[in-house]
Amino acid sequence: ATLFLSPQEGLIKHLLQRTEVEVTPSALGILLALYTVIAVLVFGIAVPAGNFIPALTIGAAMGRLLGEVFPDDSDPGRFALMGAAAVLCGVTRMTITLAAILVEVTHDVGALLPLMFTLAVSKISADLLAPSFDDGMMHAQRLPFLEEEPPHELALLTARDVMSDKVIVLREVERVGDLLAVLRRCRHSGFPVVDTGRSNQCTFFSGLILRRHLLFLISSRAWEYEVLGLAVPINDKLAFVASGSGNAAGEDAPVSSLHISDEDRDQLLDLRPFMDPCPFLANELMPLHRVYRLFGGLGLRHLPVVDCREQVVGMITRKDVLPDIIEERVLAKSQARQRAERPGDRGGDS
């Protein structure tokens, strides 16, 4: 009754208790079975519940059950501690942190050595069987999560194989009406800025500007400062910098609320003072595993791709380097290439 009626904290203390406490193996078995089933069901529903305490309880119950069936000279509390550490390590893949937490909670420095051995065995065994709980959930929900090391298959690919070649570029000086049309037409979060040259036919890479920055420039009527020849006030500069850290999910919301007159739509907005002139970019022949490391190590959201003449040829986003997306895109390009080659083959045979 103590095991089933105690609160969570009392249950864990009871399982880890070192003094003579009468806990029958049958009660521990029933508790372990019921608690495991409930924990599995809660993990699969939309409830903000963690997995740390359930894993700690399940591991402690397993260890205590094993300690109770051993001879009388064993310490069931010590077994419960080792079981809790093993299950927690298998779920979270933490080692040193868990050892420090459990030793501090139990005030048992003598258990440090067997605890570290248990954590090492649990970590090695779990890595051989499956990913951690959090990694497994992210893979199951297909979240844009990048592993620490790139898959070895990426060594055969380049940035050109996964980039999106239908990239929308902006000129260094654009009409306000054209900027509004671009923002309403697409949901891209970043736009390469290009220098079109004297002939207005080139696309030499000049910089990168974020969607949030464009929205702020339009809403604050930044072109008026250029027309009047005035410097941008310091408060507007600070607000412009702060706009770059906004919530990406709400980027499209302000577009419909922007009311610009026909006269203002014909105004020219110089993007050069506001764009990032030296963002991270990749050559189209850069090995894909290096591109993968850029996104994983630097937390990039988008990466412009240029050719050997520094002209923009594509854009890579974080989702483009996910293994599943890469496989689909490479397969689609391969099929398109085969369809393009078939008419020529037929003509040669005839």
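**Close-up views of a predicted model**

At 46% relative accessibility, Leu 34 counts as partly exposed, a label for residues between buried (under 20% relative accessible area) and exposed (over 50%), using a 1.4 Å probe and protein chains only. This is a predicted model, with residues numbered from 1 along each chain as its sequence is written. Local features need pLDDT of at least 70 and side-chain atom pairs pLDDT 80 or more, while totals for chains, interfaces and linings use all residues; side-chain values use heavy atoms, leaving out hydrogens and water.

**View 1. A nonpolar patch around Leu 34.** Leu 34 sits in helix H3 (residues 25-43); helices here are DSSP runs of H or I with at least four residues, strands are E runs of at least two, and both are numbered from the N terminus. Together with Phe 4, Ile 30 and Ile 38, Leu 34 makes a nonpolar surface patch of about 390 Å². Helix H3 gives the most to this patch, with 3 residues. Patch members have over 30% relative accessible area and no salt bridge, and nonpolar side chains (Val, Leu, Ile, Met, Phe, Trp, Tyr) are joined within 5 Å, like charges within 9 Å. A salt bridge puts a side-chain nitrogen of Lys or Arg within 4 Å of a carboxyl oxygen of Asp or Glu. Areas come from the Shrake-Rupley method with a 1.4 Å probe, and for residues only the protein chains shown count as cover.

**View 2. An open sheet of three strands.** The order is E1-E3-E4, and the pairing is mixed. Strands E1 and E4 are at the edges with a single partner strand each, so one side of each has no neighbour in the sheet. Helix H11 (residues 211-219) packs on the sheet and touches E1, E3 and E4, a contact being heavy atoms within 4.5 Å. The direction of H11 makes about 75° with that of E4; axes are lines fitted to C-alpha atoms, for helices over the stretch in contact, and angles run from 0 to 180 degrees between N-to-C directions.

**View 3. Strand E3 and its partners.** Take a look at E3 (residues 190-195): 5 of its 6 residues are buried, so the strand is largely enclosed by the rest of the structure. E3 pairs with E1 (residues 170-171) in the parallel sense over 2 bridges; pairing takes at least two DSSP bridges between strands. On that side, Arg 171 stands opposite Val 194. With E4 (residues 204-210), E3 runs antiparallel, joined by 6 bridges. Here Gly 190 stands opposite Leu 210, and Asp 195 opposite Phe 204.
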